[in-house]
Amino acid sequence: MPSRSAEVSRKTRETEISVSVHVDGKGKSDIATGVGFFDHMLDQLSRHSLIDMTVKAKGDLHIDDHHTVEDTGIAIGQALSKALGERRGIMRYASIDLAMDETLTRAAIDVSGRPFLVWNVSFSSPKIGTFDTELVREFFQALAQNAGITLHVANHYGANNHHVAETCFKAVARALRAALEPDPRQPDAVPSTKGSLKG
């Protein structure tokens, strides 16, 4: 399998973002978006997916965190799609139930080339510190759309909003890790009867 790495830069009047990913990494991250809680979540995404990830973002944080979080999701998704190429030789499907203290969250992934998000997660507070909890969904919507993955995330239960958010990132990371693993039984095949996973 060729090296699965990519870089993406994105600049608008609202944000300036650069992302690099190495899918077959060790989960090393260098994250700086200016949004502390979001940086913590992206560290979890990298660490538990084993995708080495560098993310540098400058955004209009004097307005709010929305553009920075969403556009970072876009850039990471685009980098993943670029790194995966034809998506040849991958396992493609994966799901996991991930526990963290009192919280349990499921993530299921199809690296299908067809972007779709099903989000069944709710928060009991609009904020985690200064971070808007609604931005967790916005990130994963942008990621799924631009990576070309079908992603289902469902929080079964949980009392602590930090834990709910963190289990979403960790569960998606672990499902990504499994879905992107090389398939030793068909290392050169695109895992689709259509012969393509480009949508």
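In strand E4, Thr 54 is the bridge partner of Ser 20. The structure is a predicted model, in which local features need pLDDT of at least 70 and side-chain atom pairs count only at pLDDT 80 or more, while totals for chains, interfaces and linings use all residues. Residues are numbered from 1 along each chain as its sequence is written, and side-chain values use heavy atoms, with hydrogens and water left out.

Strands here are DSSP runs marked E of at least two residues, helices are runs marked H or I of at least four, and both are numbered from the N terminus; two strands pair if DSSP finds at least two bridges between them. E2 also pairs with E1 (residues 5-11), again in the antiparallel sense, over seven bridges. With three residues between them, E1 and E2 form a hairpin, and Lys 11 has Glu 16 in E2 as its bridge partner.

The side chains of E2 (residues 15-22) alternate along the strand. Buried means under 20% relative accessible area, exposed over 50%, and partly exposed in between (1.4 Å probe, protein chains only).

Turning to helix H1 (residues 36-49), its 14 residues reach 20 Å from the first C-alpha to the last, close to the 20 Å expected; the expected span is 1.5 Å times one less than the number of residues. H1 is mostly covered, with ten of its 14 residues buried, among them Phe 37, Phe 38, Met 41, Leu 42 and Leu 45. Just after H1, Leu 50 takes a positive phi of about 65°.

A search of the whole structure finds seven aromatic pairs. Rings of Phe, Tyr and Trp (its six-membered ring) pair if their centres lie within 6.5 Å; planes under 30 degrees apart count as stacked, over 60 as edge-to-face and the rest as tilted. Phe 38 and Phe 139 form an edge-to-face pair, 5.5 Å centre to centre with 70° between the planes. Because Phe 38 lies in H1 and Phe 139 in helix H3 (residues 134-147), this pair ties together parts that are 101 residues apart in sequence. Phe 38 is buried, at 1% relative accessible area, and Phe 139 is buried at 0%. Phe 139 also pairs edge-to-face with Phe 140, at 5.1 Å centre to centre and 75° between the planes. Phe 37, Phe 38, Trp 119, Phe 131, Phe 139, Phe 140 and Phe 169 form one aromatic cluster.
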